[in-house]
Each structure stands twice: as C-alpha cells, then as structure tokens.
Amino acid sequence: MTGKERTKRFLLGALIPVAVLVVWQLAVVNGLVSRQLFPPPTSIFRDFYDMLMSGELPHHLGISVLRAMIGFFVGGGLGLLIGLGSGLYKRAEQVLDPTIQMLRTVPLLAITPLFILWFGFGELSKILLIAMGAFFPLYVNAFLGVRNVDSKLFDVARVLEFSRFHQLTKVVLPAAMPNILLGVRLSLSTAWLCLVVAELMGADQGIGYLIQDARSYMRTGVVFVGIVIFAVVGKLTDSLVRLLESRLLQWRDSYRG
Amino acid sequence: MTATALEISHLNKTFRTADTSTHVLDDIHLSLKKQEFVSIIGPSGCGKSTLLKIAAGLDIDYEGQVQLNGADVKGPSKEKGFIFQEHRLFPWATVEKNIAADLSLKNDEVRHKVDEMIELVRLKGFEKAYPKQLSGGMSQRVAIARALLRSPQVLLLDEPFGALDAFTRNHMQESLLDIWRQNQTSMLLVTHDIDEAIFLSNRIVVMDARPGRIKAVIPVDLTYPRNRVGVPFQQLRTQVLGALNHVEAEDVSYEI
C-alpha cells in the first residue's frame with residue numbers, strides 16, 4: 001500500500017467519527033442539548049488531559065489492564081488447552097464438551113451475583129468472571145480449528161513418520177492457527193467486556209470504578225473519558241492480534257475483498 | 001539390477017460394506033527390482049491406486065504378502081516414499097520447510113540435504129516461496145523432493161501428473177527421469193496415460209477391472225531418453241493399447 005493510499009483509507013475511516021464530534025460540539029454550544037448530560041468534546045478532552053497529567057488515569061488504566069490480562073491468560077489459556085484436547089481426543093470431547101456447551105449458554109451477567117456471594121468484591125471474583133468470559137471463545141475455536149485440519153495432511157504425516165509431537169506442532173497447530181487467532185480476538189474482547197461488568201459491580205480501583213464514581217458526582221465528562229478509554233484499549237488489543245494474524249497467516253491463500 | 005526391492009504376492013483385497021462385498025484385487029503378483037521403474041496402467045476402478053496404497057502400508061486390510069527388502073510391510077514409513085495425486089504440501093510452510101518437514105533446517109546436515117534436493121528438482125530461488133505461489137508442476141516437484149530427502153527404498157507415485165496440463169506433464173516426466181537417473185530409487189508409478197508409461201518405465205503392468213488383476217506385463221526395451229514420436233514408441237503404444245482394449249472388450253455390459 002502506498003502512502004497516499006494509506007492516508008486516503010485513514011480519512012475515509014475517520015469521516016463518520018469526526019462528523020459526529022463536530023455536530024455534537026455545535027449542538028452543545030448552540031444550547032440544543034443539555035451540557036450536563038452531553039458535555040462538549042472539547043470539555044471531555046480537557047477532563048482527559050487533567051486526569052492524564054494528575055496520574056489518576058494511568059493508575060486506574062493499569063489496574064484494569066492487569067485484571068483483564070490475568071483473566072484472559074487464565075481463562076483463555078485453559079480454553080485453548082481444553083479445546084485442543086477435546087479436538088484431538090474423541091474421548092475427551094465426549095466427556096467434556098456437553099458440560100462446556102451447557103455452561104456456555106449461561107449468561108455471564110446472571111452468575112455475577114453468585115460470584116460476588118462466593119468470592120466477595122475482591123480481585124478473585126473479578127478475575128474469575130473475566131477468565132470465564134475468555135474461556136469459551138478460545139475453547140470453541142481451538143476445538144473447531146483441530147477438527148478443520150485436512151485429514152489428507154495426516155496421511156502425509158504418517159508416510160513421513162512424524163512423531164506424535166511433530167504431528168501436533170507441524171500439522172495440527174499450524175492448521176488450526178487461523179481459528180485459534182480468531183478465538184484469541186474474541187476472547188480478548190470478551191475479557192474486556194467482563195472487566196467492565198466486574199468493575200461496575202463494585203470496585204475501588206480501575207476504569208469501571210472511575211466511571212461509577214464519576215456518575216455519582218454527575219461528572220459526565222469523566223464518564224465519557226472512561227467509555228472512550230475502554231473503546232480505545234479494546235480496539236488497540238484487537239489491532240495487535242490482527243497484526244499477529246497478518247504475520248502468522250501470510251501463507252493463506254484466500255479472498256481479501 | 002537383479003535384487004528385488006518390493007515383492008507383492010498372492011495379494012487379494014475385498015471392499016466390504018454392510019450388504020455388498022466387492023473383490024477389487026485378485027491374486028496380484030508383482031515384483032519391483034532395485035533401481036527399476038515400473039508403471040501400472042489400467043481402466044479406472046481396476047484397483048491400481050488401492051494396490052499402491054497397500055504397497056505404501058497406508059492400507060493394511062488385505063490378504064497376501066507385501067514385502068520390502070524381504071521384510072513385511074506393516075504400515076507407512078519413510079522407506080516407501082509416496083507421491084499423492086495432489087501435492088499435499090503444508091500450505092503454511094515455505095518450500096524448504098516443506099522439504100525438511102519434521103527435520104530442523106538449523107541442523108547443518110539437513111540444511112545441506114535440503115539444498116541438494118532443491119537443486120535436484122530444479123527449484124533454486126524458490127526456497128522461501130509458499131505453496132500458494134507455486135504452479136502445479138513446481139508443487140509436485142517439492143512433494144517429490146520431500147519424499148526423496150528421506151532416501152526411500154522405493155518411490156510410489158499415484159497419478160502424480162494427472163492434474164497437470166500436457167506441456168507441464170511432459171516436462172515433469174523428463175524431470176522425473178532425470179531425478180531417477182541421479183537418485184537411482186526404484187519407482188512404481190500408477191497412471192492412466194499410456195505415453196507416460198512408455199516414456200518412463202522399464203516395464204508396464206496392464207491391469208483389468210472388476211476384479212482388478214494383472215492382464216499383461218510389457219517390457220519396454222528402449223534406451224533413454226525416449227523419442228515420443230519414433231516408430232518403436234508407436235509400436236509399443238499399439239501393444240499397450242491392444243492389451244488395454246483386450247481388457248475393455250470383455251466388458252460389454254453397457255446399457256443405454
């Protein structure tokens with residue numbers, strides 16, 4: 001892609017957000033909407049700047065990111081391992097899959113109160129909630145990835161006498177990689193979503209706490225800052241995985257639109 | 001050229017489903033000498049691919065005996081290189097990594113052998129290419145290199161050039177001869193192309209369908225490289241066609 005093409009693509013993508021911001025700012029300045037409920041973008045930006053400079057924002061963001069990461073690695077890691085296991089072994093699938101599919105249909109919001117009852121308002125309940133959210137997408141996609149491996153390539157592995165270990169590392173994992181990375185993307189976004197739920201339910205630190213706290217003092221600008229931070233960090237992590245995808249999956253020969 | 005590499009004797013194979021059983025291979029005897037090139041030709045459904053899969057150890061549900069260098073074939077192994085109809089390369093690995101497969105290119109000896117193979121199949125400059133960037137003929141050459149790197153006792157080829165266009169196919173046949181001359185591996189090729197069989201092999205095995213049995217074995221005593229348009233080539237072609245037609249003439253149960 002040339003530099004010019006890149007700029008054009010960026011401008012096209014920025015068209016709608018910029019238009020929304022301009023209309024918003026004009027509407028507030030002209031008194032068409034309440035300043036209390038819709039602080040103008042410039043004032044939100046000032047709130048953001050103040051919180052950044054005071055160190056308040058980096059502190060809470062750091063706590064939130066740490067929670068999301070721990071939850072993601074615990075839940076996503078387990079999902080990946082168990083998904084690969086059930087994909088590889090029919091027996092494991094028969095034992096585990098029905099239970100996991102049943103648990104998967106339980107809405108996370110519905111069990112949050114239980115988690116709080118069992119584990120209190122502390123870190124454990126939050127991380128467990130995030131881990132549970134991150135588990136399923138990786139489980140489902142890792143399982144699917146293994147089952148999508150072309151059985152003809154297994155014949156090749158047999159003829160070339162691959163060890164069991166090499167069958168896994170040289171055939172199953174690379175073939176399942178597109179699904180696994182998709183699972184990572186979905187797990188990360190679910191982890192981020194569960195983080196919001198966990199922090200809004202009750203926390204004394206983190207971006208969710210910041211939003212909750214600002215709401216009770218009617219500091220609408222800060223609420224907006226929190227929301228934007230959630231969106232930006234979510235988008236950044238997604239872009240990171242997509243970068244990983246383009247690196248690891250450059251061998252793929254599929255339609256690119 | 002006297003020692004036997006592959007020995008198939010009293011081979012019978014029946015496909016069984018719940019209510020039918022089809023006798024696909026009937027009392028096959030076939031031996032492949034060391035450094036010999038043998039082609040198996042026959043109508044579709046004559047069980048020639050099944051025969052090759054049995055020789056490879058990919059199919060072990062049969063009666064009879066299959067031996068490689070005097071030892072029973074119990075399953076697939078590197079000693080019996082197998083080239084499938086499609087190249088079956090790993091799409092996520094570059095040419096050199098496909099050839100190395102489960103071996104590490106960081107090992108100097110492997111690196112050296114892989115480079116040798118790339119030279120042999122004439123793919124220099126494509127070491128780092130992915131399979132999606134290769135033509136059908138090039139992909140099949142990578143598959144051959146992958147099998148030959150493991151120094152097989154015999155290379156089994158299942159209609160390897162069937163999906164290629166006529167020009168590429170001729171070119172691939174020449175490269176295969178070149179590889180065979182340099183590498184001296186015994187070759188067993190299944191094909192439905194008469195010219196291909198005559199151009200490449202020392203002997204041609206003609207098979208009959210339903211049940212699959214060996215109808216004729218035609219020796220090809222022409223010097224390499226063979227002239228595809230020469231008179232002896234044409235005579236052999238008539239001979240093979242005759243054997244094949246004799247096979248087909250018996251099958252008159254057509255219904256319109």
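**View 1. Where chain B meets chain A.** Here 20 residues of chain B are in contact (heavy atoms within 4.5 Å) with 19 residues of chain A. Of the area buried between the two chains, about 2,000 Å², carbon and sulfur atoms give 66%; buried area is the accessible area (1.4 Å probe) that two parts lose on being put together, summed over both. On the chain B side, Trp92(B), Asp102(B) and Lys132(B) lose the most area to chain A, together 35% of what that side buries. This is a predicted model, so local features need pLDDT of at least 70 and side-chain atom pairs count only at pLDDT 80 or more, while totals for chains, interfaces and linings use all residues. Residues are numbered from 1 along each chain as its sequence is written, chains are lettered from A and ligands numbered from 1 in the order in which they are written, and side-chain values use heavy atoms, with hydrogens and water left out.

**View 2. Chain B as a whole.** Chain B has seven helices and 10 strands, taken as DSSP runs (H or I, at least four residues, for helices; E, at least two, for strands) and numbered from the N terminus. Its C-alpha trace spans about 55 × 45 × 45 Å along the principal axes. Buried residues (under 20% relative accessible area; exposed is over 50%, partly exposed in between; 1.4 Å probe, protein chains only) make up 55% of the 256 residues. Take the contacts between residues at least 6 apart in sequence, and 69% of them join residues at least 24 apart.

**View 3. The loop between β10 and α7.** Leu222(B) sits in this loop of chain B, which runs between β10 (213–219) and α7 (231–249). Leu222(B) is partly exposed, at 23% relative accessible area. Setting aside neighbours within four places in sequence, Leu222(B) touches Pro232(B), Phe233(B) and Leu236(B). Pro225(B) lies in the loop too, and the peptide bond from Tyr224(B) to Pro225(B) is cis, with omega near -10°.

**View 4. A cis bond at Pro211(B).** The peptide bond leading from Arg210(B) into Pro211(B) is cis, with omega near -10°. Look for Pro211(B) in the loop between β9 (203–208) and β10 of chain B.

View 5. Asp27(B) isn't a glycine, yet its phi is positive, near 45°. Asp27(B) is in strand β2 (residues 21–33) and is partly exposed, at 39% relative accessibility. Ala101(B) also has a positive phi, near 50°. This alanine is in the loop between α2 (95–100) and α3 (108–120), and Ala101(B) is buried, with a relative accessible area of 5%.
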